[in-house]
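The entries follow in the order I made them.

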Amino acid sequence: MLRRLAPIALALAFAPAAYGGDLTVAPQDFAPAARPLAVSADFGRPGKVGVQLTTASGRPVGWLARPAVRRAIRLRWNGRLDGVPVASGRYRIRLVGPGRKLASAPFTIDRSAPTLAGLLIESDGAPFAGDRGLLATISPNGDGLRDAATVRFRLSERATVRLEVSRTVSAPFPIYELTATLPAGRHELRWAPGAEVGPRTYLVRLTVRDVAGNRRTYGAGDARSGRIPSGPVVRVLGVEAGFTRDSYAPGQRADLVVSSDANWLEAQFFRAGPEKVPTPADNVMNGVPAGETITLPWSAWRNKPRRVTFGIGAWESGLYFLRLTADDGRVGYAPFVVRASLFGHASRVAVVLPTNTWQAYNFRDEDGNGWGDTWYAKGAQSTVRLGRPYLRRGVPPQFRKYDLAFLHWLEWTGKKVDLLAESDLDLIGSGDELAAAYDLVVFPGHTEYVTRREYDLIQRYRDVGGNLAFLSANNFFWEVRREQGVLRRTRLWRESGRPEAALIGVQYRGNDDGTRQRPFLIRGATVAPWLFDGTELTDGALLGQQLGGYGIEIDGLTKDSPPGTVVLAEIPDLFGPGFTAQMTYYETLAGAKVFAAGVLDFGGSATIWPVRRMLENLWARLTAP
Ligand SMILES: [Ca+2]
Ligand SMILES: [Ca+2]
Ligand SMILES: [Ca+2]
């Protein structure tokens, strides 16, 4: 831009051979918001010279520099006279000597950024339900229906337009950019991604810049400003499917809501955990079939969601999912818990999946503003709606990393448990009832968000002697309120006088997103030999080096930890001095036995040696009432 402008400014400069110097004024299109105006001139000999701003027709407006004796002019002007901005328009810079005009050069002040009027986005084909002016649904599978999105607008002046398509977390991450220099008038820009672009919403931000450098951006740079949409959003549709509840009893009817523009879908139920095949990606669920494949004709539902009702079989309690495969190969998963018909009858062990935390970390953007409907989108909201399909084709966040290995361990070692969603705990009247049904309650995953009722229930269960195992970290950290299917994050339990360590043994100390991970150092082989039996682990031995260590989020003892809490293993100073991860165990006079892993990813290592043996040992001790 500058390279092109500079010769123009020089060419237009009025440079009389006589006294008056080689006046230059740049840039010729001057945007005070972008950069200052540079005025320079050299004179052969000192003389009294001032620099005056005039209108294009030569009427004086004011002085940039009052007349004084000088050999040269070198000034930068910010577009203000006596602090007052000079309006947009055509002007001249004039050098003025005693009683004469020496030289002058024209330029323009442009204070207005280009605008995009009538900004909207459309797909190729009929709108999908919910599409509106700034939201268009596409399905880039090459079938001719909604394969691309077109942004339309009327540009107010000649400008460079940059279109940026971004996925968002707490900031936009561009995945596609397009830049075009366009004249004033109506235009359209198109985004036709390949089929590899994952299903989710994408923010389309448009930045327009005129020749002078004035710029304006349409589309929010963060979730807080994204509450009021100012730019287009594209929703890439896959097979979005979610059951309206996260848990069902055998024989119940289950409603599934599906959005897809496939011609037909194949549906099959699976049970997660028993399978021996590896799960290679965060957007894949594997399992063993729990029913036949059924084909759902879908051509009547290509423009709107459809509700389909299924009957839950007489299945054992576990984590199940419906896998939907479209005719073009697109896949969606709809996971749900099958709980026991009668709590505690088939098994005296309950395993509670972290269903609240799954939804808290679910960046599914249902309202279509381009930002995830979670407080983790930063600044957008303090609520999350339960029952939203999970973002990555329906797979719960971090399921593969933190949850799957423990399900494998249960199934591969033949453990029978009652699997529960957190909402199922509402079906149990009291901690005493819970203790009557179960000898052990396991929280295998990251159970960060719990309601007051859940906290009370588990605390009472412990108080009357119920055994607990926490295989992750940062558990029971935030209080959430659940109202009409929505979780609202309120405050930290430790700030309302209920520090988690008093229940769990340890509590959250820090998070470094997994930057530093190290193996545990065994500390408790002498005081708790039962846990390490058969592992050959002794005090001072390392645990987890084959994984590259543990960490991510870590817990440690506090003054609130129950008396007699022992450290079984620790990772000293993992996140710096004093930030030590601690695996702990305590027993109470009432007979409760409570284990806590102290790192986020311990349950996620359930199938490796010697962790699987430690879990066997833990199981043997904690399933005994
Ligand atoms: Ca302008
Ligand atoms: Ca399509
Ligand atoms: Ca949103």
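Which residues does Phe 470 touch, not counting residues up to four places away in sequence? I found Phe 443, Asn 475, Ile 504, Phe 595, Ala 596 and Ala 597. Contact here means C-beta atoms, placed from the backbone, within 7 Å.

Ground rules next. The model is predicted, so local features need pLDDT of at least 70 and side-chain atom pairs count only at pLDDT 80 or more, while totals for chains, interfaces and linings use all residues. Residues are numbered from 1 along each chain as its sequence is written, and chains are lettered from A and ligands numbered from 1 in the order in which they are written.

**Cores.** I looked up the largest nonpolar core and got 118 residues. A nonpolar core is a set of buried Ala, Val, Leu, Ile, Met, Phe, Trp, Tyr and Cys residues joined through C-beta atoms within 7 Å. Buried means 20 or more other C-beta atoms within 10 Å of the residue's own, exposed means 12 or fewer, and partly exposed lies in between; C-beta atoms are placed from the backbone. Val 441, Ala 469, Phe 470 and Val 599 have the most contacts inside this core. Helix H3 (residues 399-412) gives the most to it, eight residues. Helices (H or I, at least four residues) and strands (E, at least two) are DSSP runs, numbered from the N terminus. Domain 3 (241-338) and domain 4 (340-361 + 397-622) each supply at least three residues to the core; the bounds come from an automatic or database domain assignment. Another core, of 25 residues, lies apart from it, and includes Ile 121, Phe 128, Ala 159 and Leu 163.

**Helix H3.** I checked burial along H3. Eleven of its 14 residues are buried, so H3 is largely enclosed by the rest of the structure. Among them are Arg 400, Asp 403 and Glu 411, as well as Trp 409. The buried residues of H3 pack against strand E25 (318-326) and helix H8 (611-622). Gly 414 follows H3, with a positive phi near 75°.

**Sheet.** I traced an open sheet of four strands, order E28-E34-E33-E31, with mixed pairing. Strands E28 (383-385) and E31 (449-450) stand at the edges with a single partner strand each, so one side of each has no neighbour in the sheet. Pairing requires at least two DSSP bridges between two strands. E28 and E34 (residues 486-492) pair antiparallel over three bridges. Thr 383 has Arg 488 in E34 as its bridge partner.

**Gln 28.** Is Gln 28 buried or exposed? Gln 28 counts as buried, because it has 20 C-beta neighbours inside 10 Å. I placed Gln 28 in the loop between strand E1 (24-26) and strand E2 (29-30).

Notes:
Contact = placed C-beta atoms within 7 Å.
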